[in-house]
Amino acid sequence: MSLFRSICNYLFVVIITTTLGYLIADSSNGKVNIDREDLNASTKKIELINGEELTDIERVYSANNSKNNYVFLSREVFNGSNFRPFFNPSYLDSVKDVQIYRTIMPDAGPSAFAIRFPDVGLALCYDSVRGGVNYVWHGDFDLSPTVAKVHDIVEIKGEPFYRETDWHPLRLMEDVEETKTDYRFRGYTVHDGILEFHYNINGSVEVRERITPIEDRGIRRDFEVQSTVESLALRIEPQEQSTVEVEGGVILDNGWAVFRGEPLQGFAVTIMRKQEKE
Amino acid sequence: MRMRNIILLLAGAVILIVVLFWALSFLSTDQTGEPMVEEDLSYRIEEVPLPQQMIPEISAVTFTPAGRLVVANRRGEIWIRELDGESWRRFAYGLHIPLGLKAKNEDAMYVSQKPEITYLEDSTGDGIADMYKTVVDEWGISDNWHENTYGLPQDEDGNFVFALGLADQAGLMREEYPRFPLDRDRVLDESKLSVSPWQGWVLKAAPSGDLIPWGSGFRQPFGVAVSPDDDIFITNQQGDWVGSSSLIHVKEGQFYGHPASLKWDERYADETISVELLEEIRTPESVVLPHGSMGGSPGKPVWDTTEGAFGPFANQVFIGDFTKLIMRVDLEKINGEYQGAVFPFIRDVTGVEAVEEYSGGDNLTRPAGEEGRIHLEDVPPRPGTPLRQGNMKMAFAPDGSLYIGQTTRDWAKAGDGMQRIVWSGRTPTEIRTMRLTERGFELNFTTRMDSELADQPDTYRMSRFRYLYNSGYGSPRVDQANVQIVETNLSENGERVELIVDELIPGFIYRLEVDELSDVDGRLVENPLAYYTLNRTLDGEQFEGRLSERIFEEPEVERDGPDFNRGRQIYSTYCVSCHMRDGSGGDDDTGFSAPDFTDDESLLRTKTDNKLFDYIAGEKEETLIDRTMPSFGNTLNDQEIKDVLHFINTRFKPE
């Protein structure tokens, strides 16, 4: 039944979006976002089923089939108003593949990544300045606060179960005592729906890091080392709500995981949310 | 429940069919870009349909080598239109405000986004980029709203050319995990700060990723271009230390006026930066785009390399503006340096009302100076153009038409979208060029002019003025005077006329207006206005006075009290983004908070005007630590603060 309902919902969204105009809000996913300066006293208001008010709207198409509330704005009105969703329509993005946005994240360096795995409901923040996964959570994020002229930061919808805060968590063994090291972000690829970050350490050690979800329970980070380095250290910060396991190396008492090889080929880290009830 | 869903599905199908027929019924008219202006105009403006799934805040426009249109938007997407002119695909997404594009080939391109220049490639042939490779990112950012990375032309050596905007003192600046530690110190009274290297600079980046700092002194260098002669040009935006927006030829190692960027110039590391030093080291702009008359915020300059496909302005420069205006610039080299004239090209109704109607008022900024309002009415109105506002990014298509990417976001009423300008084949009656001569200027028209009118000094009106170079937010026009045209010499073919004037003073902008001049067929000059920036005379003379001071005494203007209209303009420029047009203020999560002027507890009731005056004027130190509202003591003078207080009290104070 729920599958059938989902298909109906999806068809409805696609039909309306591709013919009539823009999907501007899906109130089933939470609040409707309105840019602050959209508010215009001279235009009409409309009250949504979830009790929120939209302004600056003249024509709205909506439907309520007991679970999902969609609101649509005609293209004509859309072009003539300041009303903007962040992204339109997200339903035409693949709902299966990882989605990657460079934006303004809380507790992160500038232009950090907001990443979601929509099919499992996991999201994470990747920081290309600090050099790692800053936090992982169940839920979603809202990019629309970043749209305004004087913008705000992304809203995280959920509670992180994993956090990192130290600079440059992956480094050469001899640098484990340093506060920072030489980390340079080099970009990312997405092949067959798999996200892979590229960076180098000390200018010579090329690293590729694939991040994939493990169902909805956590993430796996596969590190592939492209250079002939023999060992690397990864900072493992203590976690309250998740467990961290490594493959291809060992976690030492000093909070670093060590990976060795001749040369080092690769290793993996698994971050799993602790079960709430044992 | 099942039945209900089936009914819903059927209803959806019926709606789909009806709507499809409805949509098809007008696809062949409006949507394909029916000419929207009179047939006898030389240029027509057409809509360029964009993919419906795209938020049309266009931030970059280019074409691939094969001629595919490529469009970026501020939400971080890049869309490519196929050669059929109709179907689109989303090539990339998730970029952080991409503001420059350079297509390498049909499957790969470079993009400048806030944090870096990125190489995008579709390696699998599915039409979608799967590689986002960092080319260069060796500069600082703080997630401030006013920081942007503009680009992205290549010079003849293959270097990417790009420019970094300054950070706004009032906006968010992130301290967590900076690329470079933030330096919030001011260099000299600036309100836009260079908090991290190389903000306020024009830079080159070799394809290998090596960074080459090229020129400094920019505030918001929105438009970056490399001319056909491999010279770098920038449009810089009016504001603090920038008297008026302008087009600037950027040479290696030169400084162009805004002091914030000097923080990163080793040559001045041990110097005390003073106005005198700045005056000495500042290189003048090539062509000033007088604020108000020539818009409020110029976009990216593009050179007409269409070899005549776009009409009689080959090799000239076109610059879109945030308002409903596209400008045309004719450059010439005098003693090896560029200067020249700017003309309106496409324009709409002008004046304060038009500005408020089409541009909101915010970010058109206050027309500079006491008499600023008149400059908004400086350009003769020519209503009815279907051109929208927000004309920030343009590119010539392979067919010679000019594509215009538009965005206003929430600076103003929405003007987002894409249009293009197509030359109809009819030669417009225009001043093609305005060039310097030994004794005045020579106008070269696009067609043969009525000799009786063209050869009369009375047909032309000329005046001159200059802008002051100081920390103020824009400059008034100063040292204004009429210029006497003592003689005219029309060429035999009736297409050129020399205007001999009583005096040519370097350092001034010469304003030319043409009255009722028509060609031999009786057609009036369509845009009878030009501003020539006279940096140098033919014998090499340059301005010798103080750039920061008036040469001539300005007559004192008697004032009875605060000025409501000036207050309104100041409010629209500086206050409206937090306090709202209706004075209702509001909160958000970043620490910005503005009180509601209109409620019963309004501070307009509870505070005296003197207290409010002091609060607006503020103290620098206090601004950064204790309050979310920036102080305006450096930006507004006492009279201006009184004006805006008067406006706020009159408009919003509860009875």
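Tutor: What follows goes through the salt bridges, then a charged surface patch, and ends with some backbone details and a helix. The model is predicted.

Over all chains, the structure holds 41 salt bridges. One of them pairs Arg267(B) with Asp265(B), with 2.8 Å from N to O. Arg267(B) is partly exposed because its relative accessibility is 48%, while Asp265(B), at 7%, counts as buried.

Another salt bridge joins Arg546(B) to Glu276(B), and here the closest N and O atoms are 3.5 Å apart. Arg546(B) sits in the loop between strand S34 (529-534) and helix H6 (564-579) of chain B, and Glu276(B) in helix H2 (residues 275-281) of chain B, so this pair ties together parts that are 270 residues apart in sequence. Arg546(B) is partly exposed, with 32% relative accessibility. Glu276(B) is also partly exposed, with a relative accessible area of 46%.

In the salt bridge between Glu285(B) and Arg282(B), the closest N and O atoms are 3.2 Å apart. Both Glu285(B) and Arg282(B) are buried. In chain A, shared partners link salt bridges into one network made of Arg130(A), Glu164(A), Glu209(A) and Arg221(A).

Charge also gathers at the surface. Glu438(B), Asp539(B), Glu541(B) and Glu544(B) form a negative surface patch. Glu438(B) belongs to the loop between strand S27 (431-436) and strand S28 (440-445) of chain B. Its relative accessibility is 71%, so Glu438(B) counts as exposed.

The backbone deserves a look too. Most residues other than glycine have a negative phi, and most peptide bonds are trans. Ser111(A), however, has a positive phi, near 50°. It lies in the loop between strand S6 (99-103) and strand S7 (112-117) of chain A, and at 0% relative accessibility it counts as buried. Trp241(B) has a positive phi as well, near 65°; this residue is buried, with a relative accessible area of 3%.

Two peptide bonds in chain B are cis: the one from Gly151(B) to Leu152(B), with omega near 0°, and the one from Pro197(B) to Trp198(B), with omega near -10°. Trp198(B) is in the loop between strand S13 (192-193) and strand S14 (201-205) of chain B.

Terms used: Residues are numbered from 1 along each chain as its sequence is written. Chains are lettered from A and ligands numbered from 1 in the order in which they are written. This is a predicted model: local features need pLDDT of at least 70, side-chain atom pairs count only at pLDDT 80 or more; totals for chains, interfaces and linings use all residues. Side-chain values use heavy atoms; hydrogens and water are left out. Patches are made of residues with over 30% relative accessible area and no salt bridge: like charges are joined within 9 Å, nonpolar side chains (Val, Leu, Ile, Met, Phe, Trp, Tyr) within 5 Å. Accessible areas come from the Shrake-Rupley method with a 1.4 Å probe; for residues, only the protein chains shown count as cover. A salt bridge is a side-chain nitrogen of Lys or Arg within 4 Å of a carboxyl oxygen of Asp or Glu. Lys and Arg count as positive and Asp and Glu as negative; His and the chain ends are not counted. The place of a charge is taken as NZ of Lys, CZ of Arg, CG of Asp or CD of Glu. Helices (H or I, at least four residues) and strands (E, at least two) are DSSP runs, numbered from the N terminus. Buried means under 20% relative accessible area, exposed over 50%, partly exposed in between (1.4 Å probe, protein chains only).
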